[in-house]
Amino acid sequence: MRAVLIATLLSLSCLPSNVKASEAGFLQSLAGDWSGGGMVLTKIGGTNFNVSCTLRSDASASAVSMNGKCRGLAVFTRSFSASVKAAGQRYTGNYIGPSGQPSKLAGSRNGEALNLRVTWARIVNGDRDATLMIEKVGQDRLRLQTVDRDPTSGQSVVTSRIDLQRPSPAKK
């Protein structure tokens, strides 16, 4: 019985290392150059704008930082950045959007996606809360999506969805 208890304790002590290794592999898979496009909704009930975007992502075993730019209507360009650190299975960090004001990020990973609660630096769409998802889609695709709540209907609304991919080896 004692041997079973010791074996169980030893196997449980390995879990944090496995989780850490798992998070490290996921974070490092986000590193690199990405480009693509999607849509941005400037305000709920407003017009969707198609955008083309580029993103540079740097990652370590416990953190990822992303710096990107999106261009819409060949008229405007907006920069954004996010930095997120992993502590076990919890993630925290900051997001800086077009306003230039840092917003807080907190959440966890579910499969191939970081699901982060955003606390905006100012009121956006009637409150300061939204959701940001950073999702790996296969080996060479990445999706960034924000969802906010319509203050009138209470329904969830996708306010941005950007689908990115790594450049093909021929274009590097």
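Predicted model: local features only at pLDDT ≥ 70, side-chain atom pairs only at ≥ 80, totals over all residues.

Me: How many aromatic pairs does a search of the whole structure find?

Reply: The search finds 2 aromatic pairs. Phe49 and Phe76 form one of them, with 6.0 Å centre to centre and 85° between the planes.

Me: What makes Phe49 partly exposed rather than buried?

Reply: Buried means under 20% relative accessible area and exposed means over 50%. Phe49 has 22%, which lies between these limits, and therefore counts as partly exposed. Phe76, at 22%, is likewise partly exposed.

Me: How do you know that Tyr95 and Trp120 form an edge-to-face pair?

Reply: Their ring centres are 5.9 Å apart, which is within 6.5 Å, and their planes stand at 70°, which is over 60 degrees; the pair is therefore edge-to-face. Tyr95 belongs to strand S5 and Trp120 to strand S7, 25 residues apart. Both Tyr95 and Trp120 are buried.

Me: What makes S5 and S6 paired strands?

Reply: Pairing requires at least two bridges. S5 and S6 have 7 bridges, so they pair, and the sense is antiparallel. Tyr91 has Gly107 in S6 as its bridge partner. In the hairpin of S5 and S6, with 5 residues between the strands, Gly100 takes a positive phi near 80°.

Me: How do you know that S6 and S7 pair?

Reply: S6 and S7 also have 7 bridges, in the antiparallel sense, and therefore meet the requirement of at least two. The bridge partner of Arg109 in S7 is Leu114. The hairpin of S6 and S7 has 2 residues between the strands, and Gly111 in the turn has a positive phi of about 65°.

Me: Why is the link of Cys53 and Cys70 called a disulfide?

Reply: The sulfur atoms must lie within 2.5 Å, and the S to S distance of Cys53 and Cys70 is 2.1 Å, so the pair qualifies. The structure holds 1 disulfide. With 110° about the S-S bond, the link of Cys53 and Cys70 is right-handed.

Me: What makes Cys53 and Cys70 buried?

Reply: Cys53 has 4% relative accessibility and Cys70 has 10%. Both values are under 20%, so both residues count as buried.

Note on methods. Residues numbered from 1 in each chain as written. Heavy atoms only, no water. Phe/Tyr/Trp six-rings, centres within 6.5 Å; stacked < 30°, edge-to-face > 60°. Buried < 20%, exposed > 50% of the residue type's maximum accessible area, 1.4 Å probe, protein only. Helix = DSSP H or I, 4+ residues; strand = E, 2+ residues; numbered from the N terminus.
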